[in-house]
Amino acid sequence: QVLNLHEMNVPSDDGQDATSRFLQSALTPLVAKTYTRSKDSGFGGRHNPSRNINYDILAVAAHEHGLLANQTIPRAKVAVLLEEHFMKKLNTTDLPLQCPDEELLKRFLQKSIHYEEMLYPGQTDDKEHETTFYEAVKRHKFCNFDFDALVEDEAVRTFFSKEIPRLYRRSKH
């Protein structure tokens, strides 16, 4: 059985999400009942939200450029501190980005449409798909920080040499 992801946002009459409806229709009645009970028990399982890995990559780039010299702060902690404090401390929401060029974006779009048609033959709307794709492009969903430019920026270098150690010490207390 195939789950049409375009239906994920369509509410059902009984208040169940599309995943619940799919599992209940695809599983044996006993398994479906167990799934419903576990869902009703309040245990939601682990969430798997998408994460912005730019901060982790920036932490690695900073380490490679010696910006965290003589520091023994775990990489994951540096990434968390960056995510929590970096934009506020630099007082910006506009960091340099590296984004795919128009040619590569067109190839991404064509592949995406092709794969959707393979999964949902005769059920796709190319125009809607293209509109959604270019909305994601406008929100920079296919871009990464320009790590080379950032590690050369004096304010960023200062943030790594002074703020990261200070924030780390403070987080340990």
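**Charges and how we label them**

Modeller: Helix 6 (residues 126-138) supplies the largest share of the negative patch, three residues. Helices here are DSSP runs (H or I, at least four residues), and strands are too (E, at least two), numbered from the N terminus. This is a predicted model, where local features need pLDDT of at least 70, side-chain atom pairs count only at pLDDT 80 or more, and totals for chains, interfaces and linings use all residues. Residues are numbered from 1 along each chain as its sequence is written, and side-chain values use heavy atoms, leaving out hydrogens and water.

Biologist: What makes E117, D125, D126, E128 and E130 a patch of negative charge?

Modeller: Asp and Glu count as negative, Lys and Arg as positive, while His and the chain ends are not counted. A patch takes residues with over 30% relative accessible area and no salt bridge, joining like charges within 9 Å and nonpolar side chains (Val, Leu, Ile, Met, Phe, Trp, Tyr) within 5 Å. The place of a charge is CG of Asp or CD of Glu, NZ of Lys or CZ of Arg. Those five residues gather in such a patch on the surface.

Biologist: Why is D126 called partly exposed?

Modeller: Buried means under 20% relative accessible area, exposed over 50%, and partly exposed in between (1.4 Å probe, protein chains only). D126 has 40% relative accessibility, so it counts as partly exposed. D126 sits in helix 6.

Biologist: And why is E163 called buried?

Modeller: E163 has a relative accessible area of 14%, so it falls under the 20% cut-off.

Biologist: What makes E163 and K89 a salt bridge?

Modeller: The rule asks for a side-chain nitrogen of Lys or Arg within 4 Å of a carboxyl oxygen of Asp or Glu. For E163 and K89 the N to O distance is 3.7 Å, so the pair passes. The pair links distant parts of the chain, with E163 in helix 8 (residues 154-172) and K89 in helix 4, 74 residues apart.

Biologist: How do you know that K89, E163 and R166 form one network?

Modeller: E163 also meets R166 in a salt bridge, at 2.5 Å, N to O. Salt bridges that share partners join K89, E163 and R166 into one network.

Biologist: How many salt bridges are there by this rule?

Modeller: Three. One of them pairs R75 with D56, with the closest N and O atoms 3.0 Å apart.

Note on methods:
Accessible areas come from the Shrake-Rupley method with a 1.4 Å probe; for residues, only the protein chains shown count as cover.
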